[in-house]
Amino acid sequence: MTILAIESSCDETSAAVLVNGNICSNVVAAQLIHEQYGGVVPELASRAHQQHIVPVVERALADAKVPKSALNAIAFTRGPGLLGSLLVGTSFAKAMALGLNIPLIEVNHMQAHVLAHFIDDQSGNWSPPKLPFLCLTVSGGHTQLVLVKSPLDMEIIGQTQDDAVGEAFDKSAKLLNLPYPGGPLIDKYARQGNPLAFPFPMAEMPGLDFSFSGIKTAIMYFLRDNLKTNPNFIDENLADICASIQHTLVQMLLGKLKRAARETRVRDIAIAGGVSANSGLRTALQTLGDEQGWRVFIPRFEYCTDNAAMIAMAAKFKYDQGDFTSQAVSPMPRMAF
Ligand code: ATP
Ligand code: MG
Ligand code: FE
């Protein structure tokens, strides 16, 4: 069984080919145009997807050495994401499936982030998490604690009530005058800093929910006050500030993850989404997992941020169930599980 998958929910155009359950190619074209605006500009994102989609799909097929005639289905991200961006991938997938007369498979982008854990990493000793498992999905637009009962049956048991944690990273970075997306830069500078240099307040939220909007206000006032007495405060303390911000965000995430594991009694624990590339989170989770006796699952870097390989993996489960989509489908910018 051979599936071509397309991802275009935000600012990465990606295509992947899956053959008999294995990923054979995964091409990602990032859009650098947004950096100068300090965030993703939706109209520019959809135009860039239009420019990238044909070469990206052709490259994915060529890398996998799969001719179009060998495809059994076309999968695409239906949502959640930016409407204009989703429209490009959806329309392309529909047209290609119609032209080849093969089925279409719609995929939920957030479920796909979780299902990246079913991609065999070809290391020889790979195994997926055992069901049910917990997945902390942390990305640019979402922060979710997901109880995964089966690949197509997931329940959100906790989530952010305001900003996503990726947004908290990016907005904090912006306050430090770092370019977009700032998350990876905070990670980089944090490596040289003291995580306990500047204690920032952690929001207290009931149950398994999160809140990340307060921290950016706290950082804003913290910087304003310190810049008054020392105009070079940011430059002189960048590593310590980044390490402290990252430490605070990671502790907020892991506190809830620990609580979720306790309440559900699940011991296979995974992280997914762009922020799961964060080295502070990866290390702290591994340490916590050892302490708690969890089996910890951390995706390979290329499967953390947006990619079509995870869309292909999700599509495989749907293909096996015969769960196809009609040509009348349209994108869903907000899409529940
Ligand atoms: P969603 O998946 O919610 O629709 P998205 O697709 O835009 O949002 P992803 O591509 O999964 O999000 O993740 C992007 C986010 O991950 C950005 O906020 C980025 O700053 C953050 N990120 C990526 N690498 C790191 C890192 N090393 N440390 C911290 N944050 C990171
Ligand atoms: Mg992105
Ligand atoms: Fe994503």
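In this predicted model, the domain assignment of the protein gives two parts: domain 1, made of residues 2-116 + 304-320, and domain 2, made of residues 130-299. Domain 1 is therefore written as two stretches of the chain, and domain 2 as one, with bounds that come from an automatic or database domain assignment. Taken over C-alpha atoms, the centres of domain 1 and domain 2 are separated by 27 Å.

The two domains touch each other, and 15 residues from domain 1 and 20 residues from domain 2 take part in the contact. On the side of domain 1 that touches domain 2, two elements give two or more residues: helix H3 (109-115) and helix H9 (309-321). The most is given by H3, which supplies five residues to this side. Sorted by class, the side of domain 1 that touches domain 2 holds seven nonpolar residues, six polar residues and two charged residues.

A feature from a database record was also placed on the chain. In UniProt, an unreviewed entry places the feature "domain: Gcp-like" at residues 23-312.

The confidence scores of the prediction were as follows. The average pLDDT of the protein is 97, and 100% of the residues score at least 70. For the model, the ipTM is 0.98 and the pTM is 0.97.

How values were computed:
Residues are numbered from 1 along each chain as its sequence is written. Chains are lettered from A and ligands numbered from 1 in the order in which they are written. This is a predicted model: local features need pLDDT of at least 70, side-chain atom pairs count only at pLDDT 80 or more; totals for chains, interfaces and linings use all residues. UniProt positions are given in the numbering used here, feature names are shortened, and annotations may be inferred rather than shown by experiment. pLDDT is the predictor's confidence in each residue, from 0 to 100. Two residues are in contact if their C-beta atoms, placed from the backbone, lie within 7 Å. Helices (H or I, at least four residues) and strands (E, at least two) are DSSP runs, numbered from the N terminus. Ala, Val, Leu, Ile, Met, Phe, Trp, Tyr, Cys and Pro count as nonpolar, Asp, Glu, Lys and Arg as charged, and the others, Gly among them, as polar.
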